[in-house]
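Please open the model in your viewer and keep the selection panel at hand. The tour goes from the whole chain to one part of it.

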Amino acid sequence: MDTKMLEIIAKCINTCEECATECISENGHSECAMVCRDCADVCSLLYKFISRKSQNADLLKNLCKEICLKCAKECEKHADHMPSCRACAEACRECAEACA
């Protein structure tokens, strides 16, 4: 089992959930919250696939990479004034790189 990969995925899940929660309370950031939640959900599924050594983990990695990049791009729009978005963008880019 790739422990480092699981740590990166877990970090992404947590930062996405934190970012989504903060974005929900901010006006005009509903798109960011939605993308963060999608990203957290896909990362959670990938975490489970890797943990149980699913033969489909590699297929899911490609989807996870794409959604992480989309989430990072959305979060970067708010990174200057929202620390949670900055942290989320960084975690998502790291996760996307790990999935590549």
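A residue is called buried when its relative accessible area is under 20%, exposed when it is over 50%, and partly exposed in between, with a 1.4 Å probe and protein chains only. By that rule, 45% of the 100 residues of the protein count as buried. This is a predicted model, in which local features need pLDDT of at least 70 and side-chain atom pairs count only at pLDDT 80 or more, while totals for chains, interfaces and linings use all residues. Residues are numbered from 1 along each chain as its sequence is written, and side-chain values use heavy atoms, with hydrogens and water left out.

Show the whole protein as a cartoon next. Helices (H or I, at least four residues) and strands (E, at least two) are DSSP runs, numbered from the N terminus, and the protein has 4 helices and 0 strands, in the order α-α-α-α along the sequence. Its C-alpha trace spans about 40 × 20 × 20 Å along the principal axes.

Within α4, colour the buried residues, namely Ser84, Cys85, Cys88, Ala89, Ala91, Cys92, Cys95, Ala96 and Cys99.
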